[in-house]
Structure formats: structure tokens, C-alpha cells
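Hi everyone, thanks for coming.

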2 protein chains.
Amino acid sequence: MFPKLDPLLHSELRLAVMSILVGVDEADFTYLKKQTSATSGNLSVQIDKLLAAGYITVEKGFKGKMPRTTCKITAAGQEAFNKYVESLKEYLSAGK
Amino acid sequence: MFPKLDPLLHSELRLAVMSILVGVDEADFTYLKKQTSATSGNLSVQIDKLLAAGYITVEKGFKGKMPRTTCKITAAGQEAFNKYVESLKEYLSAGK
DNA sequence: ATAAACAAGTTTATAATATAAACTACAATA
DNA sequence: TATTGTAGTTTATATTATAAACTTGTTTAT
């Protein structure tokens, strides 16, 4: 009745990040930070966790001279996100 | 774009409890425990938090000789739940 | 009658998580 | 060349979730 919710996705910031990445092909650190209004530290940590889980890839490069970190969702990440959404629906609709 | 998710509801067990209470008028501790397959300790703690937030009421009585704890959702709880669901939708659909 | 097992919780301790604060490294600007 | 800004990372702290141990009382078996 209440499937376990993927703890990696059941976090406000990580969910927001994944949610953005689902629809965007790729996004850099700065963009993610603006969209989520997270602090840099928090975003950095959460990106690491998503990376460690294999839900995203992270590429470090430069845009001009400035460092640039680009994130992309992986197939596993996509799948986990979809599954999370499905699971969540069971929670939200349990009342009916 | 990403509204703050009510931290009281953004918890697996508390969300499950609220989700049950939304559809059921009242439910006792034992019932909630079975439905959520939570441990007693965890359930006890989370019920306390929902109570402290004013999202549920808790009545202690007896069923025969056995103690019985009955939970009910409040109007504030209902409202918070609905709001949480709405907020969550913004996360889940951000990709589209 | 009393010991053993069960029911319904609560309290306390520990592990996991999220978040913020402080720091690093470099770039652009005054 | 000193100051401010950008793009992050690392470390420390606060919060949260969870499990383990405990309490109180009940039923069942001896």
C-alpha cells in the first residue's frame, strides 16, 4: 500500500534538481542554483549524492575562464524519477 | 517555481499517516501501524509531531481493557495536506 | 497463583540527512 | 594592487528519522 520512497529523491533539493534535469538535457551548477534558490554548499553536496547514485553525470569544464559544472540525468536517474512519481501517487491518493 | 515543501508532511511515515487519515474519519494506533508497517516507536514519534503541529487530534481511551489511541485529521491538517499535494505537483511536473 | 508471552505504546539513543558557515581558488573591476 | 565577485568544496552543526530498550498492563499456560 505504501511503497518505500527512494530516499535519494525524497529530498526537497534533490527532487528539484532531478525535476529540472528531466526536462532539460543538461544544466549547469549556476543554473540549478538559481532555479532552486539553494545555497552553493547544499547544492554541491546534493549533486554529489545524485552522482554517487548514478542518477546524474557531472562534467567539469570551463566557460571562458570560469569553471563550469554541467549535470545531466542518466537513464537510471530517469527511471528512478518515474518510479518515485508513481510511488508518490499511491501515497497521495490513498485517501480515495 | 519550487515552493517550499511542508517539512512535517515531507516525511515518508507522516505522509502515509496523513494520507490514511484523509480518507477515513478516524484511525487507531494499531491500524496505522499495520497499514504503514512502521515500528511502534517511529509511529509514536511521528504522531506526536503531527499532533504538535495541530494536523491531527489524538484521543486516548480503552477498547475493553486495552489502551487505544485514536487519531483524527483536523481542518488545518486537511488544508496542509492539500497544499502539500499541490506543491509537490509543481516539482513533479517541472520537466514539462 | 505465578511465570511467560503478548499488546500498546513511550522514551531514549543512535544513525542518517539537510543545511549553513567557513574556506579555496581564481577572475574581474576599481 | 586591493576589493569584490564567481564558482564552487569542505567541514561543522542542527535537524530528522529510525531503531532499540523500556514501561505498563493483559492474556494465556502451568
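Let's start with helix 3 of chain A, residues 40-52. This helix has 13 residues and reaches 18 Å from its first C-alpha to its last, close to the 18 Å expected at 1.5 Å a residue. The expected span here is 1.5 Å times one less than the number of residues. Helices, by the way, are DSSP runs of H or I with at least four residues, strands are runs of E with at least two, and both are numbered from the N terminus.

A word on what you are looking at. This is a predicted model, where local features need pLDDT of at least 70, side-chain atom pairs count only at pLDDT 80 or more, and totals for chains, interfaces and linings use all residues. Residues are numbered from 1 along each chain as its sequence is written, while chains are lettered from A and ligands numbered from 1 in the order in which they are written.

Back to our helix. Which residues of helix 3 of chain A are buried? They are A:L43, A:Q46, A:I47 and A:L50. Buried means that 20 or more other C-beta atoms lie within 10 Å of the residue's own, exposed means 12 or fewer, partly exposed is in between, and C-beta atoms are placed from the backbone. Seen down the axis of helix 3 of chain A, the buried residues fall within an arc of 105°, so they line one face of the helix; the arc is that of the directions from the helix axis to the C-beta atoms. An α-helix has 3.6 residues a turn, so residues three or four places apart point the same way. On the other side of helix 3 of chain A, A:G41, A:D48 and A:A52 are exposed.

What do the buried residues of helix 3 of chain A pack against? Their partners are helix 1, helix 2, strand 2 (56-63) and strand 3 (66-73) of chain A. Just after helix 3 of chain A, A:G54 takes a positive phi of about 80°.

Zooming out, chain A holds 4 helices and 3 strands, in the order α-β-α-α-β-β-α from the N terminus on. Of its 96 residues, 28% count as buried.

Finally, the partner chain. In chain A, 19 residues are in contact with 19 residues of chain B, contact meaning that C-beta atoms, placed from the backbone, lie within 7 Å. Helix 1 of chain A gives the most to the side of chain A that touches chain B, with 6 residues.

Methods. Contact = placed C-beta atoms within 7 Å.
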